[in-house]
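Let us walk through this fold one piece at a time. Keep the sequence beside you as you read.

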Amino acid sequence: AAPAAAHPHVFVDTGLRLVLDAQGRATGIEVTWEYDELYSLLNFEDLGLDGDYDGKLTAAELDRLDGFDLHWVPGYAGDLYLETGAGPVPLGPPEGRGVSVHAGRIRSVHFRPLPQPVPAAGLVLRVYDPSFYTAYSLALGVTAGGGCRAEVTPPHLDAADARLKALLAAIPATRTETDFPAVGATFADRVTIRCGG
C-alpha cells in the first residue's frame, strides 16, 4: 500500500462546460482547472510571484501567470477524453480563457474546440491523467445547454484500488515510481450527455 500512496501528486478540481451550436451539436468544451494549494504555491515560487505570501496576485503577476499550464508537449491530450458510440472524438489545442487565484489556489480556464461538431446526445467525457500523477475531481461541476444535461457516473473505487494493487504487486518496489501503471482512467468519473426528455 505504501507505493500506491505516492500517487497522485497534484490535485485539481475541474469544471466542464459543453458548448453547443443551434443544431444541438457540441462544438467545444470550456475547461476550468483549480489546482491544490501546494501546487499553486510551487508555481508562485517558480515564477517569482506573491512575494508577500498572502495568496493574492497583482494584475501584473496574473498576466505573468496566464497560460502557464497551456504549453503542452506534442501528444499530450490535455487529460480530457471524449467519445461517441463511433469512437474517440478529437479535440483541438487549448485556447486560453484567463487565470485567477481563489483562496491561494490557481484557477485557469481554457477552451478545447472540436474540429467538427458532433451530436451532443450520448457524448461521453472523462477527465483523467493516465499516469495518475494528477488526480482530477469534477468538484466545479459539469454544464451543458440546449436542453441537455450531464449525467455523472463515479468510478468503482474498490475495483480501481484492487486493480492498482494487483498491478503494483507485479512491479519491483524499486521501480514503482518510474513504472507506475496507467490506471488514471479507472479512477475517473464518466460524464454522459443526455438531451431531451
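This is a predicted model: local features need pLDDT of at least 70, side-chain atom pairs count only at pLDDT 80 or more; totals for chains, interfaces and linings use all residues.

Five strands make up an open sheet, in the order β4-β3-β7-β11-β10, and their pairing is antiparallel. The edges are held by β4 (87-89) and β10 (148-153). Each has a single partner strand, so one side of each is left without a neighbour in the sheet. From one strand to the next, the twist averages 30°. That angle is taken between axes, which are lines fitted to C-alpha atoms (for helices over the stretch in contact), using N-to-C directions and a scale from 0 to 180 degrees.

Residues are numbered from 1 along each chain as its sequence is written, and side-chain values use heavy atoms, with hydrogens and water left out. Strands (E, at least two residues) and helices (H or I, at least four) are DSSP runs, numbered from the N terminus. Two strands pair if DSSP finds at least two bridges between them.

β3 and β4 pair in the antiparallel sense over three bridges. They form a hairpin with two residues between them. Thr-84 has Gly-87 in β4 as its bridge partner. Next, four bridges join strand β3 (residues 80-84) to β7, again antiparallel. Here Glu-83 is partnered by Val-124 in β7. Then two bridges link strand β7 (residues 124-127) to strand β11 (residues 190-195), and these also run antiparallel. Val-124 stands opposite Thr-192 in β11.

Turn to strand β1 (residues 10-20). How many of its residues are buried? Eight of its eleven residues are, and the strand is mostly covered. Buried means under 20% relative accessible area, exposed means over 50%, and partly exposed lies in between (1.4 Å probe, protein chains only).

Which strands does β1 join? Nine bridges tie β1 to strand β2 (residues 25-35), and the two run antiparallel. Thr-14 stands opposite Trp-33 in β2. The hairpin of β1 and β2 has four residues between the strands, and Gly-24 in it takes a positive phi near 75°. β1 also runs parallel to β8, with four bridges between them. Asp-13 has Ser-137 in β8 as its bridge partner. Three bridges join β1 to strand β9 (residues 142-144), again parallel. There, Leu-16 stands opposite Val-142.

Now for a helix. Helix α3 (residues 157-169) has 13 residues and reaches 18 Å from its first C-alpha to its last. That is close to the 18 Å expected at 1.5 Å a residue. The expected span is 1.5 Å times one less than the number of residues. The buried residues of α3 are Ala-160, Leu-164 and Leu-168. They cover an arc of only 65° around the axis, which puts them on the same side of α3. The arc is that of the directions from the helix axis to the C-beta atoms. Why does such spacing work? An α-helix has 3.6 residues a turn, so residues three or four places apart point the same way. On the other side of α3, Asp-158, Lys-165 and Ala-169 are exposed.

Aromatic rings come next. Rings of Phe, Tyr and Trp (its six-membered ring) pair if their centres lie within 6.5 Å; planes under 30 degrees apart count as stacked, over 60 as edge-to-face and the rest as tilted. By this rule there are eight aromatic pairs. Tyr-35 and Tyr-39 have ring centres 5.1 Å apart and planes at 40°, so the pair is tilted. Tyr-35 is buried, at 6% relative accessible area, whereas Tyr-39 is partly exposed at 28%. Phe-132 and Phe-187 have ring centres 4.5 Å apart and planes at 15°, so this pair is stacked. The pair links distant parts of the chain, 55 residues apart. Phe-132 sits in the loop between β7 and β8 (134-137), and Phe-187 in the loop between α3 and β11. Phe-132 and Phe-187 are both buried.

Ser-108 lies in strand β6 (residues 105-119) and is buried at 4% relative accessibility. Its side chain makes a polar contact with the side chain of Asp-69 (2.6 Å). A polar contact is a pair of N or O atoms within 3.5 Å; within protein, one must be able to donate a hydrogen and the other to accept it, and residues adjacent in sequence count only if both atoms are side-chain atoms.
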